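Colleague: Could we go through this model together, one question at a time?

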Amino acid sequence: MVAAATRQQIVEAADRLFYERGFEATSFADIAGTVGLSRGNFYYHFKTKDELLDAVITHRLLKTRSMLDGWEAKAEAPDERILSFVNLLIVNQTKIMAHGCPVGTLCGELAKLDHIAKSRAAELFDLFRHWLSRQFRAFGREAEADALAMHILMRSQGVATLAAAYCDEIFVRNEVENMRAWLAAQRPGTPVFPETHSQQHS
């Protein structure tokens, strides 16, 4: 039990540091120091950084599935569930402005490194994509469900990237309102991608 709890502490610390500092910039020593372990005790749980990265991705996948399940349990209507995804930009606004999107930044860094785990990290995006597609199908947009899911996923990533670049809370709030209006226009019988009024960032 103690070993399992220590391992979980390491994974959670690595998850936070990989997000805040980046995977490549975070060392075993950084993580061990955060958890308060000696190097020997640390290596008992994880022999390589790639092994730890895999555990972090698994941890994020489990957390994401739990979050998506919670949204489904909380809201009956599919558009209300999708709004929970959109509202993440507000809920996590401070962290996003400081470090970007945890999924996007990890996938981007691993892609630049051509890391063997890049496709596994992309499973985090897959979770959101398939979940959003299912919500749009339930919303009555069967034929365009995946395109709509990719559109809102792409749009949220763009907002997160610019939020980190500009640290502009007003921009984030405006874009979230635009995304909410866009979603309201996705009822059956409307165009797939109706125009919205986006405030240009100055």
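Colleague: Where does the largest pocket lie relative to domain 1 (1-47) and domain 2 (48-186)?
Modeller: This is a predicted model, in which local features need pLDDT of at least 70 and side-chain atom pairs pLDDT 80 or more, while totals for chains, interfaces and linings use all residues. Residues are numbered from 1 along each chain as its sequence is written, and side-chain values use heavy atoms, without hydrogens and water. Domain bounds come from an automatic or database domain assignment; since domain 1 and domain 2 both give residues to the lining, the largest pocket lies between them.

Colleague: Which residues of the lining are the closest to the centre of the largest pocket?
Modeller: A pocket here is an open set of points on a 1 Å grid over the protein atoms alone, where a 1.4 Å probe fits, with protein on both sides within 12 Å along at least five of seven lines, and lining residues have an atom within 4 Å of a point. Of the 26 residues that line the largest pocket, the closest to its centre are Lys63, Leu88, Asn92, Pro102 and Val103.

Colleague: How far apart do the C-alpha centres of domain 1 and domain 2 lie?
Modeller: Counting contact as heavy atoms within 4.5 Å, 20 residues of domain 1 are in contact with 22 residues of domain 2. The C-alpha centres of the two domains are separated by 26 Å.
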